[in-house]
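Reader: I would like to understand the reasoning behind the labels given to some strands in this model. Could you take me through it step by step?

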Amino acid sequence: MWTCRIGSDCVGDVSIACEAYRTIVGESPVWDDRTGVLYWVDIVGKSILALDPMTGKANAWETEDFPTAIGLCKTDGKAVVAFAGGVSTWEIGTDRLAPFATIDDDPDGNRLNEGAIGPDGAFWIGTMQTNLNPDGSMREMDRSSGALYRIAPDGTVRRMTEHIFGISNTLVWDEARGQMIFGDTLRQTLFRMIWPVGEGMQALEEWAVTTGHGSPDGSCIDDDGCVWNARYAGGRVIRHNPDGSVIGQLELPATNITACAFGGEDRRTLYVTTATNQLSEAALANPHEGALLAADVGVAGPKTYRFEI
């Protein structure tokens, strides 16, 4: 057990939630409040993972393509999964995947990345120039060509922004304040989009720019409207006020913090995914690197939105 802190105030403990699996690039944790199971993906490890915290039982399902994000469907036992090359539906607990949607107007050499279900029941997905070779090794990027898309439950795909993002990350909705937060890791910036969205391309404004403690990766929101942003290569999650200002930093015993989500009983546990890629052999001796972490942070988060199929 490791004590986690926000600033100088101790707020609880952090532990390894899942002993069975260590991810290369863990991402996209999502809590199923109906079954009490947490799902997440390992992008480079090409697998979808699940954990029942009450029993400690964990499972993994191998995939052919790189899975980048997962969301739950309104129909029990069904999920939607973004892969590098397109979006599929998944019959949870099986190897059955069915193609659902593809993005046709993205530049060649792009792939899907961050994805989440919004309050409108659609699957929102960001793209980026691929940074992965077919074998999962890293490749250099030379452009910012990603965009944000909305995939409707009928499979219709709508592009919401120009192709201007380096590494698309963070998709959270603050309905109470009429805003959606979307990020670009390479620009060290989280953007604000007015919610609900209108017609045509959507205007973005800078919401938070943080250049210290790594780079912005995935995020979640708590019941107070504060955004918890995972910091890749920063060893922490930063907590932002609804106006974007920083009010706390949750220090963690791992380096590459990739995403987070509230779950567990009353959704008061912050689950955090991590990655082992780009770490030294010495760093890999730390069992927290690549682990799914669970932290007590003293607040709760809202229920997970579901894809309307």
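Author: What follows is a set of questions and answers about strands and their pairing in this predicted model.

Reader: Why is strand E21 called mostly covered?

Author: A residue counts as buried when its relative accessible area is under 20%. In strand E21, residues 236-240, five of its five residues are buried, so by that cut-off the strand is described as mostly covered.

Reader: How do you know which residues cover the two faces of E21?

Author: In a regular strand the side chains alternate between the two faces of the sheet. In E21, Arg236, Ile238 and His240 lie on one side, Val237 and Arg239 lie on the other, and all of these are buried, which is the basis for calling both faces covered.

Reader: What makes E20 and E21 a pair?

Author: Two strands pair if at least two bridges are found between them. Strand E20, residues 227-232, and E21 share five bridges in the antiparallel sense, so they meet that requirement. One of the facing positions is Asn229, whose bridge partner in E21 is Ile238. The two strands form a hairpin with three residues between them, and there Ala233 takes a positive phi near 65°.

Reader: How many bridges join E21 to strand E22?

Author: Five bridges join E21 to E22, residues 246-251, and the two run antiparallel; Arg239 stands opposite Gly248 in E22. This hairpin has five residues between its strands, and Gly244 in the turn has a positive phi of about 100°.

Reader: Why are E11 and E14 described as standing at the edges?

Author: Four strands form an open sheet in the order E11-E12-E13-E14, with antiparallel pairing. E11 (110-117) and E14 (157-159) each have a single partner strand, so one side of each is left without a neighbour in the sheet. Neighbouring strands of this sheet are turned by 30° against each other on average, direction ignored. E11 pairs with E12, residues 123-129, over six antiparallel bridges, and the bridge partner of Asn110 in E12 is Gln129.

Reader: What makes strand E24 mostly covered, and which strand joins E24 by four bridges?

Author: Six of the seven residues of E24, residues 269-275, are buried, each therefore under 20% relative accessible area. E24 pairs antiparallel with E23, residues 256-263, over seven bridges, and Asn256 stands opposite Ala275. Four bridges join E24 to E25, residues 293-296, again in antiparallel fashion, with Ala295 in E25 as the bridge partner of Leu270.

Technical notes: Residues are numbered from 1 along each chain as its sequence is written. This is a predicted model: local features need pLDDT of at least 70, side-chain atom pairs count only at pLDDT 80 or more; totals for chains, interfaces and linings use all residues. Side-chain values use heavy atoms; hydrogens and water are left out. Buried means under 20% relative accessible area, exposed over 50%, partly exposed in between (1.4 Å probe, protein chains only). Axes are lines fitted to C-alpha atoms, for helices over the stretch in contact, and angles run from 0 to 180 degrees between N-to-C directions.
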